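Here is a friendly set of notes to read alongside the structure. Keep the 3D view open and find each residue as you go.

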Amino acid sequence: MTGPSDKAAWQDLLRLSGDMRRQGLRIDSLFSSDPHRFRHFSCRLDGLLLDYSKQLITTEAFASLIQLAEQCYLPAAIDAMFAGEAINVTEQRAAMHVALRAPTGDRSNGEVEKVLDHMSAFVASVHDGSWTGYSGQAIRDVVNIGIGGSDLGPAMVTEALADCHLDGLRVHFVSNVDPVHLQDTLNALQPATTLFIVASKSFSTLETLQNAQEARRWLLQAGLEEADIAKHFVANTVNTEAAVAFGIAAENLFPMWDWVGGRFSLWSAIGLPIALAIGMDNFRRLLAGAHHIDEHFRSADLEHNLPVIMALLTIWNTGFFGCHSTAIVPYSQRLQLLPAYLQQLYMESLGKRITLDGDAVATNTGEVLWGSAGTNGQHSYFQLLHQGSQTIPAEFIAFAKPPAEPHAESHTHLLANCFSQSLALMAGDRDAPSPHRHIPGNKPSSTLLLSQLDPFKLGSLLALYEHKVYAQSVIWHINAFDQWGVELGKQLSSQVAEALGDNEGAAEFDTSTAGLIRFVKEWTR
């Protein structure tokens with residue numbers, strides 16, 4: 001199978017995009033020529049609306065994009081994922097995160113339900129006080145120690161659903177091996193009422209183990225005995241032997257599977273801190289929202305398939321208009337961590353330069369993803385979006401309903417800012433009296449509008465982006481489920497750590513790395 005640039009539809013898209021540039025086609029002129037453009041270029045699914053009418057896309061170009069998806073066998077690839085085929089070809093694994101959120105009766109893997117039942121019992125024991133620390137006191141604080149997919153997803157969802165948090169328990173997240181991250185968290189906690197979750201599939205991730213060992217020392221320094229450690233630690237891992245050696249009881253281990261990648265794992269026991277924060281019923285609603293999009297992605301025709309449409313728009317902008325980054329702007333303070341979460345999902349999945357066949361890619365694959373919560377972004381990087389020399393597409397995310405009725409007026413202003421920014425990016429201000437005030441417009445954007453922020457809708461939103469990423473990878477003919485580029489830095493880190501630790505047999509490095517190590521030793525003697 002070849003890459004997308006060899007397909008007939010790709011050649012059609014090259015012609016169409018070239019015609020648009022030569023004609024100086026503008027997005028606002030497309031609205032003038034089609035009074036029903038919003039209806040023609042938007043897609044609705046229950047309480048979720050995708051408006052892509054402010055993209056520089058025509059009916060003919062959209063039809064060619066759909067043909068491209070068909071010529072790249074996207075429908076067959078979607079079926080292959082749901083069938084559990086080994087679509088992660090470099091590791092010979094399935095990518096079955098969708099199985100984690102299937103309804104109980106639809107799960108073919110009984111292990112998933114067993115883990116959910118284990119999570120339910122554990123969450124209940126923490127909240128009803130039957131799980132106690134070494135002193136017999138109930139747990140009041142939970143600290144999740146993980147990094148990457150074992151931190152970004154759970155931390156983002158826990159903050160996003162703050163309005164659903166149950167009373168009596170606080171959930172914290174520590175990821176950075178910088179000691180201040182853990183220490184600043186522990187400074188406000190009491191050892192007797194603190195429980196740690198070690199989230200590491202291999203139980204060998206350097207950053208996570210360093211922080212876990214520091215947390216263990218913190219407990220021992222507070223007077224706990226070795227036998228008490230098990231009352232203050234649980235873990236998500238497949239390495240049972242290492243976790244038990246650390247001091248965690250075998251019955252307090254939550255398994256993971258090799259068919260779930262880290263950045264797709266918040267739906268598994270990696271979501272344990274989410275369940276502790278919002279309760280197991282709400283966690284299951286989060287899963288149900290994701291499953292709702294799974295079924296849509298699996299069954300909807302390509303022309304009305306939201307993740308597919310979003311993927312094709314990105315391929316259009318990156319492949320034919322030279323766009324190398326996208327701004328993600330959620331107009332919700334609760335979703336301030338979403339851009340960071342999506343960065344990993346996108347850039348770890350799509351940052352590939354080799355096709356599934358082992359050849360060099362012939363097209364752009366994966367843009368830089370960045371952003372922040374609106375309206376804050378309007379007062380920092382939006383200047384670049386409006387008047388910068390590059391075209392940077394934006395994806396806006398907003399919720400129709402405010403989190404609480406007393407805030408209705410402020411929420412109206414929040415939505416007004418969101419909608420006006422997409423309007424300004426499109427229309428610009430070409431009649432400004434000074435060239436310094438001239439804003440060209442014609443900058444593409446899409447808006448995802450959801451009815452409200454709740455566990456079900458959030459699950460739907462996250463699954464939407466997961467499937468968008470997979471659809472892009474299929475069309476680009478790359479593997480979205482490995483991350484070999486991450487592994488090299490980990491391997492080199494251990495060698496550098498040995499050198500920093502005065503190990504005489506440490507590896508030799510280039511003069512730059514050696515010089516940096518030398519200055520650290522000089523300044524820390």
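The points below walk through strands, helices and salt bridges in turn.

1. Before you start, remember that this is a predicted model. Residue numbers count from 1 along the chain as its sequence is written.

2. How many strands form the open sheet, and in what order? There are 5 strands, arranged 4-3-5-6-7, and their pairing is parallel. Strand 4 (170–174) and strand 7 (253–254) stand at the edges; each has a single partner strand, so one side of each is left without a neighbour in the sheet. Lying against this sheet is helix 8 (residues 179–186), which touches strand 3 (141–145), strand 4 and strand 5. The direction of helix 8 makes about 165° with that of strand 4.

3. Now look at one pair inside that sheet. Strand 5 (residues 194–199) and strand 6 (residues 233–236) are joined in the parallel sense by 4 bridges. To find one of them, go to Val198, whose bridge partner in strand 6 is Ala235. As a reminder, strands of a sheet pair through backbone hydrogen bonds, and the pairing can be parallel or antiparallel.

4. For antiparallel pairing, turn to strand 1 (residues 42–45) and strand 2 (residues 48–51), which pair over 4 bridges. Here Arg44 has Leu49 in strand 2 as its bridge partner. The two strands make a hairpin with 2 residues between them, and Asp46 takes a positive phi near 50° there. Strand 2 also runs antiparallel to strand 11 (residues 445–450), again with 4 bridges. Leu48 is bridged to Leu450 in strand 11.

5. Next, a pair of helices. At what angle do the axes of helix 12 (residues 280–299) and helix 13 (residues 306–320) cross? They cross at roughly 70° and come within 8 Å. Angles of 65 to 115 degrees count as roughly perpendicular, and helix 12 and helix 13 are therefore described that way. Ile293, His296 and Phe297 in helix 12 meet Leu306, Pro307 and Val308 in helix 13. The residues of this contact divide into 5 nonpolar, 1 polar and no charged.

6. On to salt bridges: the count for the model comes to 18. One of them joins Glu466 and Arg101, with the closest N and O atoms 2.8 Å apart. Why does this pair tie together parts that are 365 residues apart in sequence? Glu466 lies in helix 17 (residues 455–476), while Arg101 sits in the loop between helix 5 (74–82) and helix 6 (110–127), so the bridge spans that separation. Are Glu466 and Arg101 buried or exposed? Both are buried.

7. Arg217 and Glu214 form a salt bridge, their closest N and O atoms being 2.4 Å apart. The two residues are 3 positions apart in helix 9 (residues 206–221), which means about one helical turn separates them. Arg217 is partly exposed at 38% relative accessibility, and Glu214 is partly exposed with a relative accessible area of 38%.

8. Glu91 and Arg93 meet through their side chains in a salt bridge (3.8 Å, N to O). Glu91 is partly exposed at 23%, and Arg93 is partly exposed at 28%. Elsewhere, salt bridges link Arg26, Asp28 and Arg430 in a network.

Methods
Predicted model: local features only at pLDDT ≥ 70, side-chain atom pairs only at ≥ 80, totals over all residues. Heavy atoms only, no water. Salt bridge = Lys/Arg side-chain N within 4 Å of Asp/Glu carboxyl O. Buried < 20%, exposed > 50% of the residue type's maximum accessible area, 1.4 Å probe, protein only. Pairing = 2+ DSSP bridges. Contact = heavy atoms within 4.5 Å. Axes fitted to C-alpha atoms, helices over the stretch in contact; angles between N-to-C directions. Parallel < 35°, antiparallel > 145°, perpendicular 65-115°, else oblique. Nonpolar A, V, L, I, M, F, W, Y, C, P; charged D, E, K, R; others polar.
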